[in-house]
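Hello,

Here is the structure I promised to pass on. Have a look at it first, and my notes follow below.

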Amino acid sequence: MNEIKIFSPATVANVACGFDVLGFCLDTIGDEMVIRKTTEKGIKITKIIGANLPFETDKNVASVSALALYNDANPDCGFEIEIYKNIKPGSGIGSSSASAAGSVFAINELLGRPYNETQLTNFAMKGEAIASGCEHADNIAPALFGGFTLVKSTSPLQVLQLPTPEDLFVTIIHPQIEVKTSEARAILPKQIPLQNAITQWSNVGSLVHALHTNDYNLLSQSLNDVVVEPYRSQLIPHFNSVKTEVIKAGALGAGISGSGPSIFALSKSKNTAENVAKAMTTIYAKTDINFITYVSKINTEGMKILS
Ligand code: HSE
């Protein structure tokens, strides 16, 4: 195989209470990438459609992660990368991770799969780091493993795959304003009160338990973030109204998707998830902010090979 076309999915990181550790993978929303072997050695980005991103190998997250793998594998060929972006950079649904994880997944396939998902996550984190200023894996891991993941540690990297309840759907609203991950991280306090830490780790633990036991009620009670959301929600217009209205529309819970500005809500059926999208739309339609909504099943597969 000399060429591969893949679907690289969008992802929701944090999942309310799990800052930097929890994430899940979306089904129909994502980028496409074409990667082909070249006789010339090295990594080259040859095409970027849909976003204004750098072509330089040391500046684009897709090529930085690809290079990390390439330098380790030392193959006797090179690779060129075409990126078709559907996920807007700065949207909060894992745009940089889709690029960083997509390139390493595709090259690994072309090389005959010498690396496992954990190793690919490690390479992709090198690309993610240039977008967000630090190496975190809570978007990359669900993009590569699929479903829900928990990053137990980044050094050494340990990713746990969590079960996905069958009827779970996600609704996302992406207000078309940009929130840079690096800035959304910079506003967070370095220390938190003990009582908030207790609330947060009880929510993370119960959310993981809820996923294992298909307990939608417990899942609903666990989707609560007292550590990060109070700070970041100020960057997202109408966040509190969206949260209130989606619960009224039947959602199990809602929160900031990654570092924002997208807001996600989880629901127990597609029908409820669509009603939640209508509730979100009603709020943003009254503003002068453009927005997009998405409804998706949780994607338990992760990356998809298109051809
Ligand atoms: N966990 C990260 C954050 C995800 O919230 O900053 C965004 O890339």
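This is a predicted model: local features need pLDDT of at least 70, side-chain atom pairs count only at pLDDT 80 or more; totals for chains, interfaces and linings use all residues.

Residues are numbered from 1 along each chain as its sequence is written, and side-chain values use heavy atoms, with hydrogens and water left out.

Back to Ser267: its relative accessibility is 0%, so Ser267 counts as buried (buried means under 20% relative accessible area, exposed over 50%, partly exposed in between, with a 1.4 Å probe and protein chains only). Contact means heavy atoms within 4.5 Å. Leaving out residues up to four places away in sequence, Ser267 touches Asp167, Leu168, Phe169, Ala251, Leu252, Thr272, Ala273 and Val276.

Now the cores. A nonpolar core is a set of buried Ala, Val, Leu, Ile, Met, Phe, Trp, Tyr and Cys residues joined through side-chain atoms within 4.5 Å. The largest has 38 residues, and Ile35, Phe79, Ile81 and Leu144 have the most contacts inside it. Helix H2 (residues 95-110) gives the largest share of this core, 7 residues. Apart from this core lies another, of 32 residues, among them Val15, Phe24, Leu162 and Val204. Beyond its neighbours within four places in sequence, Phe79 is in contact with residues including Ile35, Tyr70, Ile107, Leu110 and Leu111.

Grid points are joined across faces, edges and corners, and a volume is the space filled by probe spheres set on the points.

The largest pocket has a volume of about 620 Å³. It is lined by 40 residues, of which Gly90, Ser96, Glu128, Ala131 and Thr181 are the closest to its centre. H2, helix H3 (117-132) and H5 each supply at least two residues of this lining. By class, the lining of the largest pocket has 11 nonpolar, 18 polar and 11 charged residues (Ala, Val, Leu, Ile, Met, Phe, Trp, Tyr, Cys and Pro count as nonpolar, Asp, Glu, Lys and Arg as charged, and the others, Gly among them, as polar).

There is 1 cavity of 30 Å³ or more, and the largest cavity has a volume of about 50 Å³. Its lining is made by Asn14, Ala16, Asp225, Val228, Glu229, Gly255, Ile256 and Gly258.

Finally, how many disulfides are there? The count is 0, a disulfide being a pair of cysteine sulfur atoms within 2.5 Å. Take Cys25: its sulfur is too far for a bond, because the closest cysteine sulfur, in Cys17, is 19 Å away.

Best wishes

Conventions:
Helices (H or I, at least four residues) and strands (E, at least two) are DSSP runs, numbered from the N terminus. On a 1 Å grid over the protein atoms alone, a cavity is a set of points where a 1.4 Å probe fits but cannot get out, and a pocket is an open set with protein on both sides within 12 Å along at least five of seven lines; lining residues have an atom within 4 Å of a point.
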